[in-house]
Amino acid sequence: MTYDAIYWLMLGAGFVVTGLVGIMMMWKTEKLLLSFLAGTAVNIVLTAGAVWWWSSAFAGSEQQFSRMFGLFGLGVSFANNEVLLFFAQLIMKKKIGGDPASEADA
């Protein structure tokens, strides 16, 4: 398997696992902060592992561009996962934990 394939698998796994953990926690507990922190913790662990792997795979001054380009992509992926997780959980919170009185007024 090439470095590129492993890189994209890590990005995809980070997205899927972060989303599953955060959404399942939200579904079970209906607590936005707790479920967001759980998803964030998973995202941090997976991203830190990917950063460590990518940095060690492209060690050396002659591969600095490849290393920095990959790390930038991992950073963007981390931020996107956090934003998507938060808004998915916020929508879930409004659907499952909303105020019944405000729904009757509408």
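Let me start with the residues that line the largest pocket, which are Asp4, Tyr7, Trp8, Leu11, Trp54, Phe58, Ser66, Phe69, Gly70, Gly73 and Ser77. This is a predicted model, in which local features need pLDDT of at least 70 and side-chain atom pairs count only at pLDDT 80 or more, while totals for chains, interfaces and linings use all residues. Residues are numbered from 1 along each chain as its sequence is written, and side-chain values use heavy atoms, with hydrogens and water left out.

A pocket here is an open set of points on a 1 Å grid over the protein atoms alone, where a 1.4 Å probe fits, with protein on both sides within 12 Å along at least five of seven lines, and lining residues have an atom within 4 Å of a point. The space in the largest pocket comes to about 180 Å³, a volume being the space filled by probe spheres set on the points. Helix H1 (3-29) and helix H3 (64-96) each supply at least two lining residues, and H3 gives the largest share, with 5 residues; helices are DSSP runs of H or I, at least four residues long.

Turning to the helix packing, H2 (residues 32-57) and H3 pack at an angle of about 170°, with their axes 10 Å apart, where axes are lines fitted to C-alpha atoms over the stretch in contact and angles run from 0 to 180 degrees between N-to-C directions. The two helices, H2 and H3, are therefore roughly antiparallel, a term that covers angles over 145 degrees.

Definitions and conventions: Angles under 35 degrees count as roughly parallel, over 145 as roughly antiparallel, 65 to 115 as roughly perpendicular and the rest as oblique.
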